[in-house]
Amino acid sequence: MKIKQKVFNKVENSNIGRKWLGKVGDVIILNAVVGFFCNLLFAFYNGALGILSHSLWFVTMCAYYIILSTMRFAAVLYGVKSGFASDRFVMRLSGILLAMLSFVLTGVIHISLSQNIAVKYDEIAMITIATYTFYKITMAVIRAAKHKKKPSSLHMVIRNIGYAEVAASVISLQRSMIASFGGMSAESAHTLNVLTGAVVCLFVLLLGCLLYTSPSPRDRQKS
């Protein structure tokens, strides 16, 4: 949080930053931009971890986080271009992409479990994954509470993408902890991974369906 605040302060103190923030008038936009680069760093970390350990799961997580980060950044750019007017296009497109990602995630989980792909990771890797996961959960809860009273299409898209990130992070953390620390029988670990994976995939699919089918906040007000 201190790093983000320093970034915000530097942007606010610059001429371009003051002009841009004055036009947008909402810190969630800058937060999404900063989050884009932070998530890319974590995505590349997953990719490096996957390559070094020959893990299909972490390579997939790298691609998953990159796609979600790009979706968030694209939604922000679209919001800037359209003046943050309520529009169904960005909601429907994001909904379709989230639904597609849920099926891709289902396939990868199935392959990983059917081939019993599980790699042990060192303590630093586990701490990094756990820290990122709890950070995303905390930020998702904060955003949900903060923007509940001022909904917009852009807020809904960014919030649902954040939920999809949290869901994937939870299953990734669980799989890594089971593989690294053990303490469970192979059958119990397999069952737990199957159940959690199914819940995560259905949750991401539901997020996509809700974005695609839900009317925009402004449309609700007009009706």
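Which residues in H6 are buried? Among them are Ala125, Met126, Ile129, Ala130 and Tyr132. Buried means under 20% relative accessible area, exposed means over 50%, and partly exposed lies in between (1.4 Å probe, protein chains only). This is a predicted model, where local features need pLDDT of at least 70, side-chain atom pairs count only at pLDDT 80 or more, and totals for chains, interfaces and linings use all residues. Residues are numbered from 1 along each chain as its sequence is written, and side-chain values use heavy atoms, with hydrogens and water left out.

**The chain**
- The chain has nine helices and zero strands. Helices (H or I, at least four residues) and strands (E, at least two) are DSSP runs, numbered from the N terminus.
- Of its 223 residues, 46% count as buried.
- The chain exposes about 12,200 Å², and carbon and sulfur atoms supply 69% of that area. Accessible areas come from the Shrake-Rupley method with a 1.4 Å probe; for residues, only the protein chains shown count as cover.

**Helix H6**
- H6 has 24 residues. It reaches 34 Å from its first C-alpha to its last, close to the 34 Å expected at 1.5 Å a residue. The expected span is 1.5 Å times one less than the number of residues.
- The buried residues of H6 also include Thr133, Lys136, Met139, Ala140 and Arg143.

**The surface patch**
- Phe134, Ile137, Val141 and Val170 form a nonpolar patch on the surface. Together they have about 340 Å² of accessible area.
- Patch residues have over 30% relative accessible area and no salt bridge; like charges are joined within 9 Å, nonpolar side chains (Val, Leu, Ile, Met, Phe, Trp, Tyr) within 5 Å. A salt bridge is a side-chain nitrogen of Lys or Arg within 4 Å of a carboxyl oxygen of Asp or Glu.
- H6 gives the most to this patch, with three residues.

**The core**
- The largest nonpolar core has 42 residues. Such a core is a set of buried Ala, Val, Leu, Ile, Met, Phe, Trp, Tyr and Cys residues joined through side-chain atoms within 4.5 Å.
- Trp57, Tyr64, Tyr65, Leu68, Leu98 and Leu105 touch the most other members.
- H7 gives the most to this core, with 10 residues.
- Leaving aside neighbours within four places in sequence, Trp57 is in contact (heavy atoms within 4.5 Å) with residues including Leu105, Val108 and Ile109.

**A buried Asn**
- Asn46 lies in helix H3. Asn46 is buried, with a relative accessible area of 1%.
- Beyond neighbours within four places in sequence, Asn46 is in contact with Phe58, Val59, Met61, Cys62 and Tyr65.
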